[in-house]
Amino acid sequence: MWTYLARRILQTIPVLFGISVITFVLIYYLPADPARMYAGPSATVATVARIRHELGLDQPLWVQYADYMGRVLHGDLGFSYRKQIDVTTLILTRIPYTLALICGGVFVELAIGLPVGIASAVARGRLADRLGMILALLGVSAPPFWLGLLLLYWFGYVVPIFPLGGTGTPLHLVLPALTAGLGGAAWYARMMRSSALDILSTDYVRTARAKGLSQFLVVLKHMLPNALNPIITMAGMDIPWFIGGVVLVEQVFDWPGLGRLAVEAIETVDVPLILGTVIVTALAVVISGIIIDVVQALVDPRIRHGR
Amino acid sequence: MSDAHPGRILPGWASSKMEISNLKPPSPEGPVLLAEGLSTPVQITYRALVWRRLKRDRTAMIGAVLVVFLTLIAVFAPVLAPHDPSDQFRDGLTPDGEPIPSTLLHGSLRFPLGTDANGRDLLSRILYGARVSLIVGVLANSLAVALGTIIGSVAGYFGGFLETILMRFTDIMMAFPTLLLAMTLVAILKPSMWIIIVVIGAVYWTWIARVVYGQVVTLREREFMIASRALGAGRLYILVRHILPQLVPTIIVWGTLGIATNVMLEASLSYLGIGVQPPTPSWGGMIQEAQSYYRTAPWMVIFPGLAIMLTVFAFNLLGDGLRDALDPTQVGKL
């Protein structure tokens, strides 16, 4: 297990390196001039030139990159000109909010998606199955920001159960988490159903039934452990999309997480902040990928022995 | 399409086929498929079989009809729309300057879905919005499918150094959160419809490349590849004549399902204000404009969102149906 984990972590190093290079090169060609942003609109050309030199922006691309990465490896993501604050500090204050939203969203995805998928598979072809699957396909097709606004309208305004955005209490998390998770729940329901159907038609399930095992036990003991495997793989592929969805949810609910920070950074062309948020979220994607793989290896011994 | 081709297979990709001869049951008269549930076995080509399965799949046909319907709306928006989408009507706002709800409520066809905060007709804007959604969805996805197919098949077929470079690059691109990468790219390149098409194509190809790569790697080792090499076929010839035709089902499925994803991506970018810029009506942009009015004028949110959902739903239905119909493992099912 430990060698597997070590190998998996080593594999991510070139990926992280590639991510940082691509992001840096992209930002380097940004048409806006960061020195001018830093100096402000009223600064003289001489001041801007001095600041450009001080920030090292007159250096060649690779020197700037090496310089930046040197600092990133020490945990320093630079300084936001716009917000006049350390990027690392800024990102660290936002991470708990995004993490709470992600946990809530994933909970909604799994708590709704998996049972619906299993129920649909067991009731294959019946009305409940069809209805469930049509709802799931609609759920997959609904834009999350639209779902969020509808939830706000119905459960925040018309029937004022939940607060209209903001943070503070667990109640504030309910609507954003639902918004972040409903689309994924629909997706998992579809995946779980097809995965479960594959398992339900295997010989060992037939054997289990033939020896008189109840439907419940067949599903719990024989189907579930095997059907979960492809679902975990899917979860790994879903991460980059899920994090993108979180950006939208944060925008709808004015949730002070990383996603809103990224949108603000892009809107105000705050270069160090754009770099910081992109690198940190990409790192999050990579780490989640490792976690998913480890979970999968724990569930499926074939993987951890490299077979 | 004719189903009667006794002993013969239609030319084109359908005949260069999904290993029809490997599928049971074998027949002395050549590669044919047996249709279950018929008293006498009929010979039927793969292409005919796919078409037949698709026609019988009710949900896929609903998807197809919706796709045609949406395309017609986009093409004939100027004819169908009751007003110009950017006209601001004085009677489109209440005396207090608020957007008005559907005039159908009191029997008038003036603003069937109500107006927006500028007194513009919502229905006309939604009809015109179909243009942006479909153009971006279809073109961006064509770009993504083309890139993904080329990169995936080249990496998978040639192997070696090219494979390592291309697939590592794919991995890196996939580690970026999709929406965030698209946002950054659009912001750097300045938002416009064409930029958005290119950016969505540039972030979405990775998924197709992965799938195509996986298929080509397994194809590479098959007997008919070795046979073709033995007969003296060049690598490029094999890639174009033997590998690409096998990828057609994948390309069709992703070419449809991907449109759904890309319509959603465009709407999301426009919602964030980094998409298609006003005054061009786009559904995502309309929802962004509606955000500050969702309490007093919920229709401004509801209808553009329904339009997005319907479009994504239609392409999802059709894509799912195509995937089932093209699946060679489901031979018996007609």
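**Close-up views of a predicted two-chain model**

View 1. A:Leu175 is buried, because 25 other C-beta atoms lie within 10 Å (a residue is buried if 20 or more other C-beta atoms, placed from the backbone, lie within 10 Å of its own, exposed if 12 or fewer, and partly exposed in between). This is a predicted model, in which local features need pLDDT of at least 70 and side-chain atom pairs count only at pLDDT 80 or more, while totals for chains, interfaces and linings use all residues. Residues are numbered from 1 along each chain as its sequence is written, and chains are lettered from A and ligands numbered from 1 in the order in which they are written. A:Leu175 is found in helix α8 (residues 170-200) of chain A, where helices (H or I, at least four residues) and strands (E, at least two) are DSSP runs, numbered from the N terminus. Leaving aside residues up to four places away in sequence, A:Leu175 touches A:Leu151, A:Leu152, A:Phe155, A:Gly156, A:Phe162 and A:Phe253, contact being defined by C-beta atoms, placed from the backbone, that lie within 7 Å.

View 2. Chain A has 13 helices and 2 strands, and its C-alpha trace spans about 85 × 55 × 30 Å along its principal axes. Of its 307 residues, 38% count as buried. The mean pLDDT (the predictor's confidence in each residue, from 0 to 100) of chain A is 83, with 95% of its residues at 70 or more.

**View 3. The side of chain B that touches chain A.** In this view, 33 residues of chain B are in contact with 37 residues of chain A. On chain B, α6 (160-175), α7 (178-189), α10 (235-271) and α12 (299-326) each supply at least two residues of the side that touches chain A, and α12(B) gives the most, with 8 residues.

**View 4. Packing of α6(A) against α12(B).** Helix α6 (residues 127-141) of chain A and α12(B) pack at an angle of about 120 degrees, with their axes 8 Å apart (axes are lines fitted to C-alpha atoms, for helices over the stretch in contact, and angles run from 0 to 180 degrees between N-to-C directions). That angle makes α6(A) oblique to α12(B), since angles under 35 degrees count as roughly parallel, over 145 as roughly antiparallel, 65 to 115 as roughly perpendicular and the rest as oblique. A:Leu137, A:Leu138, A:Val140 and A:Ser141 of α6(A) make the contact with B:Met309, B:Val312, B:Phe313, B:Asn316 and B:Leu317 of α12(B).

Notes
Two residues are in contact if their C-beta atoms, placed from the backbone, lie within 7 Å.
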